[in-house]
Amino acid sequence: MESEVYQPARRLALVVGGCFLLLGVIGLASAGGMAPPGAPLWPLRFGAGAFALFGALPVLWSIRNLVAPIRVSHAPLDSLPGIPAEPVVQEGWVVHGRVTHELVESPEAWQFRPARNPWRNDKRFLLGFGIPFVTAFAGLLSWVIHDRGNQVGWPLSIIGGIAVTLVCGGSALALIGMLQRASYRRLCRLTIPAEGRELELDAPAIPGADEMDFAAGLQWAFLGETKRRRLTIPRELIAAVQLCPWKFAVAGSGGQSVTWAVQGLLVLSSSAEAGCYRLPILLTSDFVGAAWLMPRLAETLDVPYLFCAGREDWKAEEQRANQRPPLKVGGIQS
């Protein structure tokens with residue numbers, strides 16, 4: 001059967017984008033009357049055009065998904081009775097804004113592993129933004145120190161500007177880099193050997209909220225979870241691959257942080273009394289990317305793909321989320 005890949009933020013993007021587009025169009029139409037006499041019109045038109053372009057992108061994306069929604073083929077959920085359609089809620093998870101994994105074939109095995117490009121792109125962005133920013137800010141600060149200081153020469157001004165920039169801007173960029181690296185270190189890896197041998201799952205040992213003290217929290221946030229668990233899974237226990245919606249909420253000092261995500265899981269069969277056991281292996285807000293990646297994994301494992309992230313599934317998850325307390329430990333990584 002086929003189902004639409006439902007994206008909860010589609011209508012919000014349409015409304016917000018439409019507001020920006022409308023403001024931009026109004027600005028372009030009335031730029032002549034808003035500018036003071038004799039003032040150039042191009043700054044106002046440039047700003048209004050930027051507003052219009054910034055709003056047009058989400059509007060076009062939303063209209064495209066409304067007119068031609070993306071659909072995926074999957075097995076019906078009732079083909080494997082007794083499997084829940086809700087996510088496996090655990091403390092410590094991080095929602096990534098893009099698909100963090102890739103499925104790669106090698107002569108010995110298939111690897112469901114962390115994708116290499118996202119972390120490389122993050123490092124390139126930090127270096128590409130950080131180096132020019134630090135250089136420009138250090139130069140500006142050196143000029144300010146030299147201009148405002150009484151009899152402060154250029155050598156001391158340059159040293160002072162560089163020192164302050166490294167302490168403030170450099171430390172901020174370093175912390176951002178540590179947070180991003182830690183989020184990738186917490187990703188799992190699944191090895192699928194050829195010839196039907198046992199699977200190997202390497203996943204982080206996520207601590208519970210009751211195990212978190214201040215030092216453990218800092219380690220979890222900035223260094224990643226260093227403790228790992230390695231599971232050996234007999235191939236015959238793999239019953240299905242599943243994708244579930246998760247309205248992800250984390251409690252903080254300023255209130256709740258809420259985002260929409262989809263969770264990829266391995267469904268393991270068990271005894272009739274115990275039911276099934278589900279292992280989370282992916283959490284992302286890239287709904288389309290996950291909906292296309294997980295059926296490839298199911299095909300590789302030769303098991304059904306259970307897609308539980310359609311429109312009705314999201315309505316049910318909204319109701320469950322209203323009754324569910326927010327996580328104490330977790331985060332969001334763009």
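Predicted model: local features only at pLDDT ≥ 70, side-chain atom pairs only at ≥ 80, totals over all residues.
Trainee: Why is Y277 called partly exposed?

Mentor: Its relative accessibility is 47%. Buried requires under 20% and exposed requires over 50%; Y277, at 47%, therefore counts as partly exposed.

Trainee: Which residues does Y277 touch, leaving out those up to four places away in sequence?

Mentor: Y277 touches L266, V267 and L268. What makes each of these a contact is that heavy atoms lie within 4.5 Å. The C-alpha atoms of Y277 and I238, which are 39 residues apart along the chain, are separated by 9.8 Å.

Trainee: What makes a set of residues a nonpolar core?

Mentor: The members must be buried residues of the listed nonpolar kinds, such as Val, Ile, Met and Leu, joined through side-chain atoms within 4.5 Å. The largest such core has 37 residues, and V241, I281, M294, L297 and L301 touch the most other members. Among the elements that each supply at least two residues of this core are β9 (238-252), β10 (255-268) and β11 (277-284). Helix α7 provides the largest share, 9 residues.

Trainee: With which residues is I281 in contact, leaving aside its neighbours within four places in sequence?

Mentor: The contacts of I281 include W93, F112, L201, L265, M294 and L297. A second, separate core of 10 residues includes I83, V88, A239 and L306.

Trainee: How many of the residues of the protein chain count as buried?

Mentor: Of its 334 residues, 40% count as buried, the cut-off being under 20% relative accessible area.

Key. Residues numbered from 1 in each chain as written. Heavy atoms only, no water. Buried < 20%, exposed > 50% of the residue type's maximum accessible area, 1.4 Å probe, protein only. Helix = DSSP H or I, 4+ residues; strand = E, 2+ residues; numbered from the N terminus.
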